[in-house]
Amino acid sequence: MVLSLGACKTDDLERDIDALKDRVTAMEAKVDRLNESMNMIRVALDGNKTIQSYTENEDGSYTLTLSDGNTITLTQGKIGATDVYQEVSISTDGNWVIGGVETEHRALAVDGEPGVTPQFRLTMESEGKYYWEVSYDDELTWEEVKSQQGTRVYASASGSSSVAGPIASAAPNATGDKFEITLTGSGTKYEIPIVSGLACAITEPALEEGFWIVPTTGETTSIDLKGEAVLISAPEGWTVTASIDNSNPTTLSVTPPNQDGAEGVIILQVNKGVYWAIDQIKVRSKKVITSWKAEYEQGGFYIGDELVNSETYPTLANSGNLIENGGTITKSGVHFIKGGATITISSILEISGNEALVIVGDDPNNPPTVTFTGNNSYLRAGTQNLLCKNVKFVRDGMYLFHANKGSNVNKVIFEQCKIELKNNFASSNATASEPSVIHDFQFLKNKVKFLGALSSGDIPACNFFYSTGGQTVGNANISNNIFYSQSEDTRVRGQFFVVIGTAETTIKLENNTFCNYIQNSQGIKAKLTGDWSVRYNIFYSNISATTYNTSYLICALEGSTFPASNDAFESNVAYNAVEENATAWNVFHGDSMKPSGDYNAKIPQEEESPLQIVDWEKGEFVSLKAGYGATIE
């Protein structure tokens with residue numbers, strides 16, 4: 001008896017599950033029927049598609065293959081005695097009318113802007129009770145379908161009070177050359193031509209924000225064009241070609257103008273006899289740089305926020321030629337180095353006279369390597385700008401960049417460089433009596449690799465930017481960089497950015513990734529004023545160390561002022577991949593000024609690694625935490 005009772009309960013459960021599945025299937029079918037009807041109405045309204053072929057199904061529905069290759073399965077008339085849909089019509093103003101209620105959403109195109117296609121779904125109010133919702137923005141947002149009385153419209157009703165689907169009838173005409181559909185609400189009839197062998201379909205590539213992003217070097221995508229002739233409408237400055245192949249798919253070739261962000265719409269129109277089929281795609285250009293020297297000669301490019309072209313920086317060194325493998329640089333001017341070339345500099349490369357020093361790797365995808373050898377071999381600031389882009393710098397001496405006493409330079413900018421250091425990046429010997437001034441220091445999209453010792457030995461001290469009491473840095477923007485040690489088994493420490501003295505500094509340290517680089521003893525040490533921020537940075541360590549395992553991010557010197565919100569320096573994250581002798585991550589050093597006397601915040605530690613890719617060999621550290629860390633392309 002017990003076994004029999006158990007079997008009965010199991011059977012009941014299975015029947016309940018089957019019934020639930022049937023209800024869900026029925027609801028999905030209702031939604032599909034309604035949305036397919038709306039898609040068919042859109043085809044009729046646009047008038048830019050024809051029907052290549054159709055088949056009539058056993059249940060009386062039709063499967064239509066359109067000229068753009070899409071298919072629609074269309075069920076006409078009433079579906080069931082209790083199914084409730086909404087009558088659909090179009091007002092005299094060209095707006096959608098759903099269930100007798102005029103909306104503010106356009107059904108008809110105006111000034112070249114197409115109307116919208118309503119899409120419907122069912123939402124459960126209670127078990128077995130569902131109501132209709134509608135979206136007018138490609139299912140981004142939804143709203144309830146309301147009756148003329150302002151109440152919800154449910155998916156079923158008792159008795160025979162149902163409302164038929166939006167299409168009252170749909171069938172080929174007597175001659176078989178047109179498909180006729182009639183709307184339930186208004187009785188309006190539309191005719192869609194049936195034309196075999198007429199196709200116009202752009203096989204869409206991956207879209208971003210609704211646009212096909214086309215590089216300025218050009219790109220192709222598959223299309224299906226069948227008919228007698230094709231007309232192409234393209235935005236100004238775009239080159240677009242396509243041809244008809246009545247047997248096979250072909251390609252659409254597109255070349256944008258040589259600029260970034262040019263937008264427009266490409267329209268293809270194919271005819272067969274008196275009938276036309278149309279398809280279109282929105283496009284946006286993405287400039288592809290193949291030579292920075294060519295960009296310099298054709299109008300210029302930016303290093304940081306500084307425009308570099310033949311007018312702003314006219315001295316093109318080396319007689320205008322690219323520096324080849326084995327060459328060198330000995331003086332100021334604009335220098336372009338051939339992609340992949342290796343050059344050596346064994347003396348101080350000083351910015352002198354009235355000419356700036358600009359060093360650029362010509363090939364964006366293949367930076368050259370510039371190696372400084374010996375103790376007296378580095379870049380020295382003067383009175384003109386120092387700008388570097390797309391270069392791999394290797395330095396095994398004391399520092400790569402030196403702000404000499406007495407120097408007064410407007411801008412020092414490093415962008416998209418790879419830098420290998422055995423010691424500091426920057427230093428200064430300025431004094432109070434012989435000061436040095438950098439008005440604007442920008443360090444952007446760089447990868448800095450510190451060639452530190454193994455963790456079993458001493459942890460080397462590598463300061464990034466260290467200057468004495470006579471150095472002034474007015475503004476410093478250090479953003480979107482990666483700083484890391486040479487391998488996962490090494491670690492470096494250092495005072496990251498130090499400007500000691502009475503000079504005021506406004507710093508922006510944002511969206512950087514630090515891997516096994518510990519701000520010790522003090523990370524940023526300066527008189528911080530203005531709208532400064534230290535945020536959205538990731539600090540990562542996988543080293544267990546008994547010494548130098550405490551990080552202090554900020555040491556604000558006497559006279560510093562603080563931003564209005566603590567978010568400016570609290571929005572950082574840290575992660576220890578080890579538990580034993582892990583790094584302690586602090587926001588402020590004990591000697592620092594603080595927002596309040598008892599402020600003692602820690603950098604928040606993540607429970608899971610904020611990095612989704614960690615590749616020490618390639619220097620790739622890809623953030624998993626949105627908005628934090630470097631995103632170098």
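1. The model is a predicted one. Setting aside neighbours within four places in sequence, Asp-68 is in contact with Lys-49, Cys-200, Ala-201 and Asp-279. Asp-68 belongs to the loop that connects β2 (62–66) with β3 (71–74). Its side chain also forms a polar contact of 3.0 Å with the side chain of Asn-70.

2. Is Asp-68 buried or exposed? The relative accessible area of Asp-68 is 13%, and the limit for a buried residue is under 20%; Asp-68 is therefore classed as buried.

3. Thr-217 is likewise a loop residue, placed between β14 (212–215) and β15 (219–226). Thr-217 has a relative accessibility of 54%, and a residue is exposed over 50%, so Thr-217 counts as exposed. Between Thr-217 and His-335 there are 118 residues of sequence separation and a C-alpha to C-alpha distance of 26 Å.

4. In soluble globular proteins, nonpolar side chains tend to be buried together. The largest nonpolar core in this model has 67 residues, and the members that touch the most others are Phe-401, Phe-414, Phe-425, Phe-441 and Phe-497. Beyond four places in sequence, the contacts of Phe-497 include Phe-441, Phe-465, Val-473, Ile-478 and Ile-507. Thr-505 and Lys-525 are also among the residues that Phe-497 contacts. A separate core of 35 residues lies apart from the largest one, and its members include Ile-98, Tyr-130, Val-145 and Ile-181.

5. Strand β49 (residues 573–576) is covered on both faces. Val-573 and Tyr-575 are buried on one side, and Ala-574 and Asn-576 are buried on the other. Strand β47 (residues 538–541) runs parallel to β49 and is joined to β49 by four bridges. Within this pairing, Ile-538 is found opposite Val-573.

6. How many helices and strands does the protein have? The secondary structure comprises three helices and 52 strands. Of the contacts between residues at least 6 apart in sequence, 68% link residues at least 24 apart.

7. Along the principal axes, the C-alpha atoms occupy a box of roughly 100 × 75 × 50 Å.

8. Buried residues account for 48% of the 633 residues. The accessible surface amounts to about 29200 Å², with 45% of it belonging to carbon and sulfur atoms.

Technical notes. Residues are numbered from 1 along each chain as its sequence is written. This is a predicted model: local features need pLDDT of at least 70, side-chain atom pairs count only at pLDDT 80 or more; totals for chains, interfaces and linings use all residues. Side-chain values use heavy atoms; hydrogens and water are left out. Helices (H or I, at least four residues) and strands (E, at least two) are DSSP runs, numbered from the N terminus. Buried means under 20% relative accessible area, exposed over 50%, partly exposed in between (1.4 Å probe, protein chains only). A nonpolar core is a set of buried Ala, Val, Leu, Ile, Met, Phe, Trp, Tyr and Cys residues joined through side-chain atoms within 4.5 Å. Contact means heavy atoms within 4.5 Å. A polar contact is a pair of N or O atoms within 3.5 Å; within protein, one must be able to donate a hydrogen and the other to accept it, and residues adjacent in sequence count only if both atoms are side-chain atoms. Two strands pair if DSSP finds at least two bridges between them. Accessible areas come from the Shrake-Rupley method with a 1.4 Å probe; for residues, only the protein chains shown count as cover.
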